[in-house]
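This report describes a protein model for a reader who is new to structural work. Please view the sequence and the structure first, and then read on.

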There are 2 protein chains.
Amino acid sequence: MKRSDRLIGMTEYVLEHPMQLISLPFFSERYQAAKSSISEDLTIMNNMLKEEGIGYLESIAGAAGGVRYIPKYNDQHSLTFLETLANRLEDPTRILPGGYLFMSDLLGEPKTVRNIGRLFATAFSHLDIEAVVTVATKGIPIAYAVAAFLNVPVIIVRRDPKITEGSTVSINYVSGSSRKIQTMVLTKRSLKNGTKVCIIDDFMKAGGTIDGMKSLLKEFNAEVKGIGVLAEAEDEEDERVVTDYLSLLQISNVDVKNAKIDVSLGNYFDYVN
Amino acid sequence: MKRSDRLIGMTEYVLEHPMQLISLPFFSERYQAAKSSISEDLTIMNNMLKEEGIGYLESIAGAAGGVRYIPKYNDQHSLTFLETLANRLEDPTRILPGGYLFMSDLLGEPKTVRNIGRLFATAFSHLDIEAVVTVATKGIPIAYAVAAFLNVPVIIVRRDPKITEGSTVSINYVSGSSRKIQTMVLTKRSLKNGTKVCIIDDFMKAGGTIDGMKSLLKEFNAEVKGIGVLAEAEDEEDERVVTDYLSLLQISNVDVKNAKIDVSLGNYFDYVN
């Protein structure tokens, strides 16, 4: 097989297996090529991934070694993506009664969701995260996108126990913005004791939901290594019960009367740089 | 830029943009290469994608032409994947009270979910689908995986209206297996009139939920071009209210007493061949 053919196959394989150690012998056998050729291919690939701003190959030396694709999105790509997203969110027809913002169309776009996931993975890839935790429903697609890049499973906390899930652990928590008491449940067998996790959600006002998830995760002795939200509401900053988090966007001045919203960058760039 | 560098970048781009028309001038400019070189690159890529069994490049001639990556998974890959999945589901510790099956761990694996999506996309890629519709919660990740390969948005039908969604259309339907009356809602602005859709869900017993979705979609004059479920329960076949669907797996003889389940292939291969 020619190098050009091999590179197409290897690129596909590497991109489909982020964060996973791939040994040289694996590729060597798969494409019937000498290890030295595979090694050269990987050098070319590493340079090109960096050039494209979508990550790099980490080399692990030794007999059990190989390469791992680390999906780091460069700042320029991230900024372009976030600015476009912010502009789209500033559309005043998105304002809903109660000062909420319609985002379902954006969160329904697989490409947008994948890029959001890429940014969180960029920020969290060095944290040895073993699972991504989210709460139903809107955080789910984002959580899967992050998990795909981190090569870990997704655990979904539910607001209602389902008969199809088996035994569960539940907690009550106070929703920060509405001050209502709510319930959250997590199936016992879905999370091993002591797992390192990150929490992902679409939106954070005062942070009550995320605080509730932290309490629930404590019951599983999980270690919360990172918290990421797509958008945070600036207006709720004073009442916030969660402080150490990563936000991609910040929504402020949702003015229902004058049909105006301001959407700016969150703390993403402080976090990754 | 050398061909080897360019092929890595182009492979990444093509795989990230399935079903999307990409013009030769786009690549020509992106990689500063002659159109004839790009054309050769695409021929190499097309052959290699076929060789790897993950699809092909469709060429569209003319001034507005280019190539489109059609994500067709070959039968051998599909069979290997489905057999592994069936084996994993046959684990008797998955049996839950009521004859349900614990599947959340499998549906929590981004790679598994992505492959499930790949199979549905393989079956549906020629149907000009414009949106993937699912119902909260378990179908969501599968729906996104399908939508990513079909390059269309996801529309989520909810069982509870949320204040953050704006005005909705709702219907009542009878759940086929439990005979209970349930409600489903879809936000008005989430689906344009007359859209061609496919319905995706994780599990089908008698099909009441999917039938409910069909009724709801009728209110939007949507055209249901395909229905796909990960697993169907064989035992409910006689009472089934939905008949024209694609299933990847079939679950039968869930024997709680003797801790035994049979999981076999669904009608996928009849459908794609």
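How much area is buried between domain 1 of chain A and domain 2 of chain A? The area is about 660 Å², and carbon and sulfur atoms give 51% of it. On the side of domain 1 of chain A, the residues that lose the most area to domain 2 of chain A are Pro18(A), Met19(A) and Pro71(A), which together make up 64% of what that side buries. The contact joins eight residues of domain 1 of chain A to nine residues of domain 2 of chain A. According to the domain assignment, domain 1 of chain A covers residues 3–71 and domain 2 covers residues 75–272. Taken over C-alpha atoms, the centres of these two domains of chain A are 32 Å apart.

**Confidence and overall form**

The model is predicted. The average pLDDT of chain A is 93, and 97% of its residues score at least 70. For the complex, the predictor gives an ipTM of 0.95 and a pTM of 0.96. Where pLDDT is low, the predicted coordinates should not be read in detail.

Chain A contains nine helices and 12 strands. Along the principal axes, its C-alpha atoms fill a box of roughly 65 × 45 × 30 Å. Of the 273 residues in chain A, 55% are buried. Among the contacts in chain A with a separation of 6 or more, 59% are between residues 24 or more positions apart.

One residue of chain A illustrates distance within the chain. Pro25(A) belongs to helix H2, residues 24–30 of chain A. Its relative accessible area is 43%, so Pro25(A) counts as partly exposed. The C-alpha atom of Pro25(A) is separated by 55 Å from that of Ile95(A), a residue 70 positions away along the chain.

**The pair of chains**

Two copies of a chain are related by a rotation about an axis and a shift along it. Here, chain B is superposed on chain A by a rotation of 180 degrees with 0.0 Å of shift along the axis, and the RMSD is 0.0 Å. This is the relation of a two-fold axis. Both copies use the same surface, since 100% of the contact residues of chain B recur in chain A.

The size of an interface is often given as the accessible area lost when the parts come together. Between chain B and chain A, about 4,700 Å² is buried, with 62% of this area given by carbon and sulfur atoms. Ile8(B), Tyr144(B) and Arg189(B) supply 14% of the area that chain B buries against chain A, more than any other three residues. In terms of residues, 52 of chain B are in contact with 53 of chain A.

**Helix H7 of chain B**

Is H7(B) largely enclosed or largely open? It is largely enclosed by the rest of the structure, because 11 of its 12 residues are buried. The buried residues include Gly139(B), Pro141(B), Tyr144(B) and Leu150(B). Tyr144(B) is also one of the three residues named above for the area that chain B buries against chain A. The length of H7(B) can be checked as well: at 1.5 Å a residue, its 12 residues should span 16 Å, and the end C-alpha atoms are 16 Å apart, which agrees.

**Backbone details**

Most residues other than glycine have a negative phi, and most peptide bonds are trans. The table lists some exceptions in the two chains.

| Site | Feature | Value |
|---|---|---|
| Ala136(A) to Thr137(A) | cis peptide bond | omega near 10 degrees |
| Ala136(B) to Thr137(B) | cis peptide bond | omega about 5 degrees |
| Asn151(A) | positive phi | near 60 degrees |
| Asn151(B) | positive phi | about 60 degrees |
| Ala259(A) | positive phi | about 50 degrees |

In chain A, Thr137(A) lies in the loop between strand E5 (131–135) and helix H7 (139–150). In chain B, Thr137(B) lies in the loop between strand E5 (131–135) and helix H7 (139–150).

Asn151(A) is located in the loop between H7 and strand E6 (154–157) of chain A. With a relative accessibility of 29%, Asn151(A) is partly exposed.

Ala259(A) occupies the loop between strand E11 (246–255) and strand E12 (260–265) of chain A. Its relative accessible area is 37%, and therefore Ala259(A) is partly exposed.

Terms used. Residues numbered from 1 in each chain as written. Chains lettered and ligands numbered in written order. Predicted model: local features only at pLDDT ≥ 70, side-chain atom pairs only at ≥ 80, totals over all residues. Heavy atoms only, no water. Least-squares fit on C-alpha atoms with pLDDT ≥ 70 in both. Contact = heavy atoms within 4.5 Å. Helix = DSSP H or I, 4+ residues; strand = E, 2+ residues; numbered from the N terminus. Buried < 20%, exposed > 50% of the residue type's maximum accessible area, 1.4 Å probe, protein only. Expected span 1.5 Å × (residues − 1). pLDDT = per-residue confidence, 0-100. Domains from an automatic or database assignment. Buried area = accessible area lost by both parts, 1.4 Å probe.
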